[in-house]
Amino acid sequence: MSTHKEFIRGLVAAIPIMISFIPFSLVLGAQAIQRGMATGEISLMVAMNFAGGSEFVAVNLWTSPPHLLLLAFMTLLVNSRHILMGAALTPYLQGLPKKKVLLALFFMCDESWAMSFADAKKSTNQRFNYHYYIGASLGLYLTWVIFTTIGALVGPLIGDVTHYGFDMAFVAVFLVLLKGMWKGVVAAIPWLVSLIVAVVSYLILPGAWYVLCGAIAGLIVAFIMAHYD
Amino acid sequence: MIDYFVFFTILAMATVTYLTRITGYLLLHNKVLNPRLGKVLEAIPGCVLIAVIAPAFATTNIANLLALAITLLLASRFSLLPTVIISIAVTALLRHYIPY
């Protein structure tokens, strides 16, 4: 299929996720203004980071002047899962030029990554489709940056939209993405361990440690299970 | 005008974020993977995704638990868009009719 068609296919596949991004980006922009950030600053932050979880953490810890080291460390903590995600994707990236991959990885978020991962596994040659990924990523990136900026501009007018059920949109997106990776009950045992450890960590530890704790616990189980295959 | 200190803070965050995105690839892209490492890499996506949404499971609120159960059911049956839309609507309704 042509690159143009693949780009459009990725963009269209990302539309439901783009819709789910809108309420969150509006809330992020509105919160940033309440914490004393300027509209240009929040726009710059989301355009350069494009990592929602860490941006919410940063906005909630924002002071004037901001605490650079604390924010950088929290960002590392929240986004450390990207290291694992990049590692998981690497076998599918063989054959793509390094420069192209390093550019593409700037846009890697949970959703675009999961979509492209699933797409690569479904494809006949088991390869990452670069243009499908760029289409999806660009749609998600622009949605995030534009609606965060709108949130900053109209912030005082919108209340807490999470009360209307929009926060469940992310859960819904992630569960559908997980369904796409379902390979049976046994293969899902590490997921269950990951979930349980993450829930417990979330309840007893401050901040964003739960992502790292949950993911690592699941991977330890996967490592042990691989031994018995 | 953006304050210089704010700019450098944002730059530091962005640098850290980008490094997390490329590290996995830079470490593994010219390696031959042994099968066991391959198995662990296979498990990463599910473990990461489910850990990210774990806070939704850490609730005792009846409306939220019901909404989560229905969202799970929807996700197992439908594609992305209907799941997202019905899930939002169901969650909003449940929270409205089942207060704390």
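Start where the two chains meet: between chain A and chain B there are 18 residue pairs in polar contact, both residues at pLDDT 80 or more. A polar contact here is a pair of N or O atoms within 3.5 Å; within protein, one must be able to donate a hydrogen and the other to accept it, and residues adjacent in sequence count only if both atoms are side-chain atoms.

Before you click further, note that this is a predicted model, in which local features need pLDDT of at least 70 and side-chain atom pairs count only at pLDDT 80 or more, while totals for chains, interfaces and linings use all residues. Residues are numbered from 1 along each chain as its sequence is written, chains are lettered from A and ligands numbered from 1 in the order in which they are written, and side-chain values use heavy atoms, with hydrogens and water left out.

**Stop 1: the interface**

Select the residues of each chain that are in contact with the other (heavy atoms within 4.5 Å). The area buried between the two chains is about 6,700 Å², and carbon and sulfur atoms give 78% of that. Buried area means the accessible area (1.4 Å probe) that two parts lose on being put together, summed over both.

Three salt bridges also link the pair of chains, the count being 3 between chain A and chain B. A salt bridge is a side-chain nitrogen of Lys or Arg within 4 Å of a carboxyl oxygen of Asp or Glu. Helices (H or I, at least four residues) and strands (E, at least two) are DSSP runs, numbered from the N terminus.

**Stop 2: helix H10 of chain A**

Keep H10(A) selected and show its surface: 11 of its 13 residues are buried. Buried means under 20% relative accessible area, exposed over 50%, and partly exposed in between (1.4 Å probe, protein chains only). Among the buried residues are A:Met168, A:Ala172 and A:Leu175.

**Stop 3: across to B:Thr71**

Those names return when you select B:Thr71, in helix H4 of chain B. Leaving aside neighbours within four places in sequence, B:Thr71 is in contact with A:Met168, A:Ala172, A:Leu175, B:Thr83 and B:Ser87. With a relative accessible area of 0%, B:Thr71 is buried. Draw a distance from its side chain to that of B:Ser87 and you will find a polar contact of 3.0 Å.

Stay in helix H4 (residues 62-77) of chain B and pick B:Ala69. B:Ala69 is partly exposed, at a relative accessible area of 43%. The C-alpha atoms of B:Ala69 and B:Phe57, 12 residues apart along the chain, are separated by 9.7 Å.

**Stop 4: B:Glu42 and its lysines**

Next, centre on B:Glu42, which counts as partly exposed at 35% relative accessibility. The side chain of B:Glu42 meets that of A:Lys121 in a salt bridge (3.4 Å, N to O). B:Glu42 also forms a salt bridge with A:Lys183 (2.9 Å, N to O). A:Lys183 counts as exposed, at 56% relative accessibility.

**Stop 5: salt bridges inside chain A**

Over all chains, the structure holds 6 salt bridges. For one of them, select A:Asp119 and A:Arg9, whose side chains meet at 3.1 Å, N to O. A:Asp119 lies in helix H8 (residues 110-122) and A:Arg9 in helix H1 (residues 3-13) of chain A, so the pair ties together parts that are 110 residues apart in sequence. A:Asp119 is buried at 9%, whereas A:Arg9 is partly exposed at 30%.

Then try A:Arg81 and A:Asp110, a salt bridge of 2.8 Å, N to O. Both partners are buried, A:Arg81 with a relative accessible area of 9% and A:Asp110 with 6%.
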